[in-house]
Amino acid sequence: MSPRLWHTLGVITLLVSLPALAETRVWLIGGGNTLENSQGQIEENVRWLQDIFTERGITTRTYFTDGRTEDETPDIIYFEPPGERNPVLEPILRVHGQGLAYAQATRRNSLTQVSGTTEKPLLVESLKQDFAQLSPEESVLLVYNGHGGIDPNDTLNNDLMLWGDTRLDISELSSLLNHAPARSEVRFVLTQCFSGSFSALIYEQPRSDTLAEQPRCGFLAESDRREAEGCDLDTNQAEFRDYTTYFFAALHGRTRLGEPIPKEEIDLDGSGDISFYEAHIYTLKNAYSSDLSRSTSEAYLEDWEPWYLRWNSFGKSPSDNDYRQARQAVAERHDLPSAGRALLSMKRERLSERSALARERRELTERIRKHQSALRAQLEQAIDAHGLSAETLTADAPTNMEADRIEQWSEAIQATQDYDELVRLQDAVARVDDKLLSAQRDQTQIEKVQRLSRLSRLTAYFDRYATAEAQGDMARLLSCEHGTLQ
Amino acid sequence: MWTMRILLAGASLLMAVSLYPLALVLVLLADSLWGNAEFLHQVAFGSLRELLVQIASDWWAALPYGLVLWAVIRLFNRFSQKTVIGLSIASLLLILLAFFPPYLPLIFGALLLWATLLSLGFSQLVRKAPV
């Protein structure tokens with residue numbers, strides 16, 4: 001036999017003897033349910049994730065808003081910085097528009113490789129086909145960046161808000177995942193408001209307590225009743241503090257601004273690989289965000305808590321418990337007490353500060369409303385002088401008027417007495433909104449310390465008191481969560 | 001006579017059913033004074049409706065344990081005063097072991113303590129009642 005043939009046989013033998021590695025395939029589902037609700041940050045998140053997975057050579061399919069690639073119809077709304085706004089339209093929108101209308105602009109998304117729309121019927125069909133084509137050795141990573149809806153009476157009815165204002169609830173998503181092979185690992189990262197109830201995807205049915213046969217696990221940005229960050233009009237990535245930003249930075253080893261993250265801060269077990277679980281723990285420790293994020297194993301632990309351990313918070317947990325260490329890190333970073341009534345008092349103070357800010361915002365909003373009414377009344381006199389018609393003076397009117405008449409209207413506004421005061425008030429509201437967000441983030445750090453304390457003790461108690469069946473379930477969940485991106 | 005027996009049986013059942021909420025009071029005190037104040041946190045910032053549902057659900061789960069414990073304690077009460085003292089010491093020990101290794105759940109010691117105390121009281125009631 002020739003040397004070349006021996007070499008070829010050797011290579012084939014080697015390849016056949018290697019264990020099959022599970023290849024991760026990624027589905028990115030993003031965008032708002034309507035143009036008005038399809039904020040610029042959502043697009044930036046999807047773009048960044050596309051870049052990460054492309055760099056790693058991971059097959060990714062992206063579904064975004066209407067999914068049309070050859071179209072210029074706007075599907076993104078974003079915040080235009082002061083220097084970029086139309087100087088003629090801005091005064092008109094300040095007087096006649098609602099809220100931040102004067103600072104908003106719309107455009108078409110600039111994502112590449114969009115495979116389709118997130119409009120429910122079409123998305124469902126596409127995902128069914130995609131999942132059905134998977135081999136059992138492939139694993140699924142489903143990432144959602146968009147909005148979530150809540151049913152306050154039963155949060156297991158919470159849903160994803162998809163394009164065309166369609167909805168996909170937990171049961172429907174669970175059924176979709178069933179189209180992937182039963183042996184494929186399915187992981188989900190859901191970053192929308194009220195995402196916590198989607199932890200029920202780990203079960204056969206959302207209302208069941210038997211784990212699905214298919215290995216499933218996930219990471220959720222928030223509880224089932226709280227709003228999440230991640231849908232800002234502002235597209236300044238340096239300001240993003242949502243779950244996607246921290247979680248995928250840890251998984252990738254670099255922030256979205258390209259700054260490397262020291263591996264020892266993420267790689268808890270020193271394996272050299274970063275697991276989804278480690279990325280989540282990193283996020284818990286480091287995120288300065290209003291998100292109180294959680295994993296499916298944490299949700300399972302909280303559901304498991306038996307009656308005889310409820311509020312039994314004075315036991316000590318082992319020091320090598322990841323949640324205890326995370327609690328310590330958060331408490332130290334934000335100068336918080338690590339537990340107890342001191343923490344409760346601090347939360348009351350923070351809530352009080354937030355209430356004061358909310359009151360200030362309401363007062364400012366009321367003053368703005370009065371100013372706008374007064375200005376419109378002044379303008380009715382000014383418009384007569386310019387030959388404009390009062391009936392045409394609405395925030396939508398500019399698109400129907402000739403350019404010179406729009407300019408006259410804008411000049412008339414700027415010439416009024418109270419316009420500068422209106423601008424000052426509207427800018428003040430924007431500053432109060434920033435303070436409110438900071439206050440909310442500060443409050444979340446307290447809630448995080450509280451929650452991590454509870455998870456820490458439950459983890460310790462679980463090892464001691466859980467049945468063999470529950471331990472088996474938890475082992476399955478953790479095995480899934482400790483997976484890595486291939 | 002039968003009426004009094006029925007009343008005493010009702011009182012006995014009520015005491016058995018009351019064990020969990022009474023024991024829970026001790027747990028909540030400990031949580032608030034020495035623990036993470038999880039209950040206070042939930043009262044102050046969580047849903048009261050959900051809290052009440054949770055307590056009711058836990059009460060139901062604890063009921064079989066409460067009933068069995070009550071039956072066992074009532075059985076022990078038929079014996080000497082030393083048994084009662086022994087049970088009281090055992091309950092205090094269990095409570096102590098909630099704060100030190102092996103950090104047992106406080107509710108067990110609290111249940112035993114209340115069962116012992118209520119049983120003593122019930123025994124007094126039975127002695128004075130014209131049965």
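Strand β2 (residues 60-64) of chain A runs parallel to β5(A), and 2 bridges join them. Helices (H or I, at least four residues) and strands (E, at least two) are DSSP runs, numbered from the N terminus. Two strands count as paired if DSSP finds at least two bridges between them. Within this pairing, Thr62(A) has Val114(A) of β5(A) as its bridge partner. The model is a predicted one: local features need pLDDT of at least 70, side-chain atom pairs count only at pLDDT 80 or more, and totals for chains, interfaces and linings use all residues. Residues are numbered from 1 along each chain as its sequence is written, chains are lettered from A and ligands numbered from 1 in the order in which they are written, and side-chain values use heavy atoms, with hydrogens and water left out.

The β2-β5 pair belongs to an open sheet of 7 strands in chain A. Its order is β5-β2-β1-β6-β10-β11-β12, and the pairing is mixed. β5 (114-116) and β12 (294-295) of chain A stand at the edges. Each has a single partner strand, so one side of each lacks a neighbour in the sheet. Strands of a sheet pair through backbone hydrogen bonds, either parallel or antiparallel.

Both senses of pairing occur at β11(A). Strand β10 (residues 186-190) of chain A runs parallel to β11(A), with 5 bridges between them. Here Val186(A) stands opposite Arg216(A). β12(A) pairs with β11(A) in the antiparallel sense, over 2 bridges. In that pairing, Leu220(A) faces Arg294(A) of β12(A).

In strand β11 (residues 216-220) of chain A, 5 of the 5 residues are buried, so the strand is largely enclosed by the rest of the structure. In a regular strand the side chains alternate between the two faces of the sheet. Both faces of β11(A) are covered. Arg216(A), Gly218(A) and Leu220(A) are buried on one side, and Cys217(A) and Phe219(A) on the other.

Chain A has 13 helices and 12 strands. Its C-alpha trace spans about 95 × 70 × 40 Å along the principal axes. Of its 486 residues, 52% are buried. Chain B has 5 helices and 0 strands, in the sequence pattern α-α-α-α-α. The C-alpha trace of chain B spans about 50 × 35 × 20 Å along its principal axes. Buried residues account for 38% of the 131 residues in chain B.

Side chains of opposite charge can pair when their charged atoms come close. One such bridge joins Asp130(A) to Arg61(A), at 3.1 Å from N to O. This pair links distant parts of the chain, 69 residues apart: Asp130(A) lies in helix α4 (residues 120-132) of chain A and Arg61(A) in strand β2 of chain A. Asp130(A) is buried, with a relative accessible area of 7%. Arg61(A) is partly exposed, at 29%. A second bridge connects Arg167(A) and Asp159(A), at 3.8 Å from N to O. Arg167(A) is partly exposed, at 31% relative accessible area, whereas Asp159(A) counts as buried at 14%.

Arg310(A) and Asp58(B) also form a salt bridge, at 2.7 Å from N to O. Arg310(A) lies in the loop between α8 (296-304) and α9 (322-333) of chain A, and Asp58(B) in helix α3 (residues 48-76) of chain B, so the pair joins two chains. Both Arg310(A) and Asp58(B) are buried. They belong to a network of salt bridges that also includes Glu298(A), Glu302(A), Glu305(A), Arg451(A), Arg454(A), Arg457(A) and Glu38(B).

Two surface patches complete the description. Patches are made of residues with over 30% relative accessible area and no salt bridge; like charges are joined within 9 Å, and nonpolar side chains (Val, Leu, Ile, Met, Phe, Trp, Tyr) within 5 Å. Accessible areas come from the Shrake-Rupley method with a 1.4 Å probe; for residues, only the protein chains shown count as cover. Val25(B), Leu29(B), Leu33(B) and Trp34(B) make a nonpolar patch of about 420 Å². Val25(B) lies in helix α1 (residues 2-34) of chain B and is partly exposed, at 48% relative accessibility.

How values were computed:
Buried < 20%, exposed > 50% of the residue type's maximum accessible area, 1.4 Å probe, protein only. Salt bridge = Lys/Arg side-chain N within 4 Å of Asp/Glu carboxyl O.
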